[in-house]
Every structure is written in C-alpha cells, then in structure tokens.
Amino acid sequence: MSARSNPPRACIIGWPVQHSRSPLIHRYWLKELKIEGSYELAEVSPEDLPKFVRGLHGAGFAGANVTLPHKETAFALCDAVTDTAAGLKAVNTLWFADGRLHGGNTDVAGFLGSLDQEAPGWDKGLEGAAVLGAGGAARAIIYALKIRGARRIFVINRTLARAEELAAQFGPLVEALDFSCVSRALAKAKLLVNTTSLGMSGQPPLAADLSPLPADAVVSDIVYVPLESALIKTAKARGLRAVAGLGMLLHQAVPGFERWFGVRPQVTPELRALIEADILASL
Ligand code: ATR
C-alpha cells in the first residue's frame, strides 16, 4: 500500500518540542470532526532538519508545523512560499502540492483571527499601534497591522538597535523607540501588543504604566502561560478591552489543519477550555 492511501499524518517539528500544545489542538479537531489522521511530535535537531524535511513526504506526512528554532531554515528549504512567509522569511506550516514543498506563516492569521474574534472592530480607524519587542513575533504582528491599515506603528524594544533594524524593513510606517519613550507612544496608540517574553511564567513581569493609553484602546499580549498576564489583568482593571495570547495559538493552527486534513476547523469555547485546563494543570 502506498503511503498516500494511509490516513493523513502531520507533525510539529521543533527542538525541543515536548512542551508544544499543538498536538492537543490538532488531535481535538481530528476527534471532533471524525477525521482519520494523526498529529505527532518530531524532535529534530538543527543539523538533522534538512534531511527530515526532505523526507517528510516519503515518510507519509501531508505536512507539518515548524517551531523554534527551525522557522527560518525551513523557509529556505521550501520550493514555494506564501506572500506572508516571503515577507517574514520564516515559515511555521509546511504542506505538499503539485509535488512541491510549500511553506506558509500562519502567525499573522493567528494574531488577526484572535483579535477579530475577541475584540471585534479593533482595527477600525487604527491610527497608531505600539508593539513591545523586536523579535520574530513582533515582525509577524507588524506585518499583520500593516495589512489591516495601521497608519503608524511604534516598535519599542530594550535593545534599540534591534527595533531600528526591524523598523527599517517596513519603511516610514514603523518608528523605533526604546522603553524610555513608552508613554509618548501609548498616548498615540489605539492598540498595544506585547511580543516580549516579559510576563511569561518564569520571566520578570512587564512593568508598563497603561494610563497614557486612550480609553478605547485594545491591549493584546502574546503570552498565554499564565493565561492572563499581569499586563492583561491591568488592562482589564482599567476597563480596556484585552486579548490574551491563547487565541493567537489556537487561530494560527487553523490553516495548517485545513491544508493537511481538508476541513477548516473552528476555534470553539470547548477547544479553548481544553487548552486552558492543560495550561492550568502545568503551572
Ligand atoms: P521571538 O522571536 O519569539 O519574538 P526573541 O527574538 O527572543 O523572541 O525576542 C524576545 C523579545 O523580548 C526581544 O524584543 C527582547 O528584547 P531585546 O531585543 O532587547 O533582547 C525582549 N525581552 C526579553 N527579555 C527581556 C527583558 N528582561 N526586558 C526587556 N525586554 C526583554
């Protein structure tokens, strides 16, 4: 029997990968949608990545997710990439079509899907947005904000040079600042997004004074362990709309599942509750 006639398989490739909650998400959808298929963990070292990716199809995989530290190397291994992945030079989702390896980056769709679901209308008249951090997550979020027509984006980072490098890739739309300028940026922002690891379980908290933000601003954090970071709690206490990081994790999984298993899954309250319970149990 050929590999292709077996139930479709997918996996997440990372190093390390044991901590990943992607299997829980995809296996939930497989079960709910009564699809025969599997989603596995693949712990692959950087030196083994090219061989593993080239062997994916032959091993019977319909595709894979890619996580740290492989997103840039996997991008380089693809035969074709989506416009978003080309813009970010990183992929987190692989699939096969026309005998070729395709790559996409669903972090952008994940961020947008999460805000659209949890803070509808957040992007209406988006004059200014402030992004804390200048790593890969910040790049994906700036890309997403550009798509939704943000007029001005402040990227604020501890290491100013990194923020400047990121801003330069996007042109005059993005202005680089260091943390001493946070208040000035927040006063002009309808959206604040934390993309740093500050506030994550085991990391120092993010000490940001939210008082300069306009009363109708939305605050978003990519941190989802804990489920509500101090930033999200502070935003809610101020009466602002606040979107924690779990939604982005759940929504970024949707396009990959659809590619591999042929059905577009939904981010439901049940799925959210399942992952929340897993996170709470891990704390
Ligand atoms: P990712 O690619 O996941 O976004 P990253 O490239 O490691 O991750 O970036 C982490 C971000 O968190 C960076 O913006 C980092 O700031 P620096 O560029 O100055 O390192 C930020 N960060 C991490 N720890 C921090 C801390 N203790 N204080 C301030 N910023 C911090």
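Mentor: Let us begin with R152, which is partly exposed, with a relative accessible area of 34%; buried means under 20%, exposed over 50%, and partly exposed in between, for a 1.4 Å probe and protein chains only. Please note that this is a predicted model, in which local features need pLDDT of at least 70 and side-chain atom pairs count only at pLDDT 80 or more, while totals for chains, interfaces and linings use all residues. Residues are numbered from 1 along each chain as its sequence is written, and side-chain values use heavy atoms, with hydrogens and water left out.

Trainee: With which residue does R152 form a salt bridge?

Mentor: A salt bridge is a side-chain nitrogen of Lys or Arg within 4 Å of a carboxyl oxygen of Asp or Glu. Here the partner of R152 is E175, and their closest N and O atoms are 3.1 Å apart. E175 belongs to strand 9 (residues 174-177) and R152 to strand 8 (residues 152-156), so the pair ties together parts 23 residues apart in sequence. Strands (E, at least two residues) and helices (H or I, at least four) are DSSP runs numbered from the N terminus. E175 is also partly exposed, at 24%.

Trainee: How many salt bridges does a search of the whole structure find?

Mentor: The search finds 11. One of them joins R9 and E40, with the closest N and O atoms 2.9 Å apart. R9 is in strand 1 (residues 9-14) and E40 in strand 2 (residues 38-43), so this bridge ties together parts that are 31 residues apart in sequence. Both ends are partly exposed: R9 at 26% relative accessibility and E40 at 24%.

Trainee: Which residue does K190 meet in a salt bridge?

Mentor: K190 meets D216, at 3.6 Å from N to O. This pair links distant parts of the chain, 26 residues apart: K190 is in the loop between helix 8 (182-187) and strand 10 (191-194), and D216 in the loop between strand 10 and strand 11 (218-221). Salt bridges can also form a network, as they do among D116, D123 and R148.

Trainee: Which residues lie nearest the centre of the second largest pocket?

Mentor: Among its 21 lining residues, A109, H251, V254, P255 and R264 lie nearest the centre. Strand 5 (93-97), helix 5 (107-118) and helix 11 (254-261) each give two or more residues to this lining, and the largest share, five residues, comes from helix 11. Domain 1 (3-106 + 253-282) and domain 2 (109-247) both contribute to the lining, so this pocket lies between them; the domain bounds come from an automatic or database assignment.

Trainee: How much space lies in the largest pocket?

Mentor: The largest pocket holds about 1600 Å³. Its lining has 45 residues, with L68, K71, A137, M200 and I222 closest to the centre. Helix 6 gives the most to this lining, with four residues.

Technical notes:
On a 1 Å grid over the protein atoms alone, a cavity is a set of points where a 1.4 Å probe fits but cannot get out, and a pocket is an open set with protein on both sides within 12 Å along at least five of seven lines; lining residues have an atom within 4 Å of a point. Grid points are joined across faces, edges and corners, and a volume is the space filled by probe spheres set on the points.
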